Amino acid sequence: MPQTLLALLAVFSAGILTLSQVENQHHTVESVVRDQFELEVSGTLLHTMEFVDARSFDAATTPARLRQRYVLPETMPEAERDTISFDDLIDIQPSDFSPIASFGGAPCNVQTPSTTACNDVDDISGNDWQTVDLKTPDGASLPVEVRVNVTYVESAESDVPVSYQTFHKRVEVFARTNVLRRRDGGTRPIEVALARVLSFDPKIAAEYLRRSIRVQGEGGSECEADVDQWQATMDALQAALSQAQATRDGVSNELASAQDALSQAQSAQASADDAAASAQSALQSARTTRDAAASDLSTAQSGLSTAQNGRTAAADAKASAQQRVGQAETGIDAAQAAVVAADEALEDAQDARADADADVAEAEETRDEAYGVAVEAYGVQDRAYNDAVDAFEEATYVDNRGRRQWRSPKSQWQAYYNQKYNAYVAAFNDFDTKRDVYYDAYYDAQAAQEAAEEAAQEVADAEAAVAAAADAVSAANAELTNARAAVDDAQDALDDAEAAVAAAETDVAAAESGLADAQATYDDASAAAESAAQAAAQAASATAAAQAEVDATADEWQDADDDVTDAQRDVDDHQSVYPQCEASA
């Protein structure tokens, strides 16, 4: 029965260990996925900020509005155009910019900016979250929400919003995803933010104006040549974009293959870990069974020795119990003598307490009389003090410089004051003497009270001694009864010890046989566990190699995706500088 319970406990422990390993593996995978999502969200944040930075500073500084503000010819000779100081033409002031109330009036869709008005920075401002779908290498879609907030600030170094127009706008970009929650287990989604101050540059506006004027030339328009050059550049940029996209697609396939290999390695590792855990569980069960068998043998041997010792102890206990009988009879006589002595001590303590109570009454009476005399002396002293103060006020006055002076005749008034003062001093000394008398009587009464309390405590102690002596008599009688019963119990124990010796010899033989069987089972389980552990180590090494390959390929895919983003940005930027002659052509 004990071996079965220990084996069940070992199986249960192995199950708990396996579950813990599975949970740790799950947390590891979840942490990797969360890190990747956070990286994707941060990349979206930076891309959105770059998108905003590429817009015109304000609706008043877009190329179309600049053409309307500064009336210039559409074409002119290049030499004549170069004589114009476009920098001096730019006279835009903060009051020309859009007020804060109009920010976000033409909502800009960050996902598809070409379908909405995204001409200047504040077109993108707004309190609503926009969803941007990111494409993963395996073709899945990761939704990321972005929000942009634009405010005016006083300078490029300031981050405090102002309510009026300035040459500086602070752009705050927020990005979040609800796919995974935060590491702290809270309900808020993963969210990051980035802020940057954009400033109006009049030189950029001047360059817009210069490029808006087409150049006249002999033998045809030079703008047409600009168009050809622009188209050639656009073709090269688009070819680079296609090449970057093809490279990214190739790396995506490699990443998918690496992820499949990693999944297979992880599955193989999980199977190997399960097999190792099962083998370890079996080994632990065999070890537990073997230890239990050894413990049973030791217990049986110890039981035999205990039974033999018990027989000797029972004989000794019988002799000891007979000795206790004699000691208990002697104890009864001593306890009865103690009761008589305690009664006599109680009578003496009660007499002493009566004397102490009488002393307390006498001392308190003396104290109360001394207190009345001291109170009366204090009243005399208080009246003498007030008379002395009044005499000083009558004998002196305050001159025009604020100093107190004696009245005339000075000697007479001084004598008058001294008489009152001396009377006060005599009254104070008399009060001080009578107060000391009161204090002596007070302390005497207190000492008498303490003596009375001590006498009362002695009475209580004497009463307790009487009760203790009576208890001692009862305890001695009980001890005599117990000692006689102990003689009978010791004889019964001796009989039981003889039977226990025979049973212990049988248990020893059975335990020796069980230990031999358990040792053989343990040796087999140990060999199986070692083999399973080696297989699990090999599987873990293969998984680590597959993970390294996935990480390296993922970094390569990220670089390729960044190249695609840069190429797309180059195409978009080049599209925005298309020569102005196209419309008239």
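Predicted model: local features only at pLDDT ≥ 70, side-chain atom pairs only at ≥ 80, totals over all residues.
Residues are numbered from 1 along each chain as its sequence is written, and side-chain values rest on heavy atoms, with hydrogens and water left out.

The protein contains eight helices and nine strands, where helices (H or I, at least four residues) and strands (E, at least two) are DSSP runs numbered from the N terminus. Of its 585 residues, 30% are buried; here buried means under 20% relative accessible area, exposed over 50%, and partly exposed in between, with a 1.4 Å probe and protein chains only. The protein exposes about 34,300 Å², of which carbon and sulfur atoms supply 51%, the accessible areas coming from the Shrake-Rupley method with a 1.4 Å probe and, for residues, with only the protein chains shown counting as cover. Among contacts (heavy atoms within 4.5 Å) with a separation of 6 or more, 74% are accounted for by residues 24 or more positions apart.

In soluble globular proteins, nonpolar side chains tend to be buried together. A nonpolar core is taken here as a set of buried Ala, Val, Leu, Ile, Met, Phe, Trp, Tyr and Cys residues joined through side-chain atoms within 4.5 Å. The largest such core holds 40 residues, and Val52, Ile90 and Val171 touch the most other members. At least two residues of this core are supplied by each of α1 (2–53), β2, β3 (141–153), β5 (168–181) and α5 (202–212). A second, separate core comprises 11 residues, including Ala279, Tyr522, Ala525 and Ala536. Val52, when its neighbours within four places in sequence are left aside, is in contact with Val121, Ile124, Val148, Val171 and Leu198.

Several of the strands are joined by pairing, which requires that DSSP find at least two bridges between two strands. β2 and β3 pair in the antiparallel sense over six bridges, and Lys135 stands opposite Ser141 in β3. β3 and β4 also pair in the antiparallel sense, over two bridges, with Pro161 in β4 as the bridge partner of Val153. Thr151 lies in strand β3 and counts as buried at 16% relative accessibility; beyond residues up to four places away in sequence, Thr151 touches Phe103, Pro161, His168, Lys169 and Arg170.

Asp128, by contrast, is placed in the loop between α4 (86–89) and β2 (130–135) and is exposed, with a relative accessible area of 64%. When residues up to four places away in sequence are not counted, Asp128 touches Val146 and Arg147, and its C-alpha atom is separated by 8.5 Å from that of Val148, 20 residues apart along the chain.

A search of the whole structure finds 19 aromatic pairs, in which rings of Phe, Tyr and Trp (its six-membered ring) have centres within 6.5 Å, with planes under 30 degrees apart counted as stacked, over 60 as edge-to-face and the rest as tilted. Phe97 and Phe167 form an edge-to-face pair, 5.9 Å centre to centre with 80 degrees between the planes. Phe97 lies in the loop between α4 and β2 and Phe167 in the loop between β4 (161–162) and β5, so the pair ties together parts that are 70 residues apart in sequence. Phe97 is buried, at a relative accessible area of 2%, whereas Phe167 is partly exposed, at 29%. Phe97 also forms an edge-to-face pair with Phe200, at 5.6 Å centre to centre and 65 degrees between the planes. This pair links distant parts of the chain, 103 residues apart, with Phe200 in the loop between β6 (189–199) and α5, and Phe200 is buried, with a relative accessible area of 13%. Elsewhere, ring pairs link Tyr385, Phe392, Trp406, Tyr417, Tyr421, Tyr424 and Phe428 into a cluster.

Charged side chains are also found over rings, the criterion being that NZ of Lys or CZ of Arg is within 6 Å of the ring centre and within 35 degrees of the ring normal. The charged end of Arg55 sits over the ring of Phe51, 4.4 Å from its centre, and Arg176 lies over the face of Trp129, at 3.9 Å from the ring centre.

Most peptide bonds are trans. The peptide bond from Ser408 to Pro409, however, is cis, with omega near -5 degrees, and Pro409 is placed in the loop between β9 (404–406) and α7 (410–575).
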